[in-house]
Amino acid sequence: VAEPLVSGYAVAAWTSADGKNEINLTGRLHVDARVINNAEFGDSLDRDAGMMSDRFTMRRARIGVNGIFNKDIAYEVQLNGISSTANVVDTAWAAYKLDPAMQFRMGRFNQPFALETQTSANNIDFMERSYLDQVASPGKQFGLMLQGAANGINYSAAAYQTGFDP
């Protein structure tokens, strides 16, 4: 069975009566919080003691839309709502399903480097990805990809452009 063209968690969804078209509104918010008893540090302005303060940070906030058009074309656009250094466009791609075992994708997407890279942050086992993923993986880049699954074998081949960050 080939993997689905579109995956993820839908906040709201619509499917046409004939089942050929689908639109999903998606979103995710990941937060980090810590509360530390600062009684031993008092009201110190020491920089190191300040690191031990209470914190609440938003790790990622994304909103997007994905779906299927005319049964064979999948699409996804996801915007990044956090961090001034991150790209506003997290992912934006369209995929054409040539047959159940072959799909052609174009746009900005996670390059097929390793299983850890391809796994959503919602589903990884640890809070952070490995160091190898940070230094060796190309991450989300603009490119073209041929991918598919048949008889229990998944494959993908991609070409991408580095430095293109919309």
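1. Let's start with Thr91. Setting aside neighbours within four places in sequence, Thr91 is in contact with Glu76, Val77, Gln78, Arg108, Phe109 and Lys140. Keep in mind as you look around that this is a predicted model.

2. Where does Thr91 lie? You'll find Thr91 in strand 5, which covers residues 89-99. Its relative accessibility is 5%, and because buried means under 20%, Thr91 counts as buried.

3. One of those contacts deserves a second look. The side chains of Thr91 and Glu76 are joined by a polar contact of 2.8 Å.

4. Asn70 isn't a glycine, yet its phi is positive, at about 55 degrees. Its place is the loop that runs between strand 3 (55-69) and strand 4 (73-80). Is Asn70 buried, exposed or partly exposed? With a relative accessibility of 43%, Asn70 counts as partly exposed, because that class sits between the 20% and 50% cut-offs.

5. Look for Asn151 in the loop between strand 7 (140-150) and strand 8 (153-161). At 78% relative accessibility, Asn151 counts as exposed, since exposed means over 50%.

Methods
Residues are numbered from 1 along each chain as its sequence is written. This is a predicted model: local features need pLDDT of at least 70, side-chain atom pairs count only at pLDDT 80 or more; totals for chains, interfaces and linings use all residues. Side-chain values use heavy atoms; hydrogens and water are left out. Helices (H or I, at least four residues) and strands (E, at least two) are DSSP runs, numbered from the N terminus. Buried means under 20% relative accessible area, exposed over 50%, partly exposed in between (1.4 Å probe, protein chains only). A polar contact is a pair of N or O atoms within 3.5 Å; within protein, one must be able to donate a hydrogen and the other to accept it, and residues adjacent in sequence count only if both atoms are side-chain atoms. Contact means heavy atoms within 4.5 Å.
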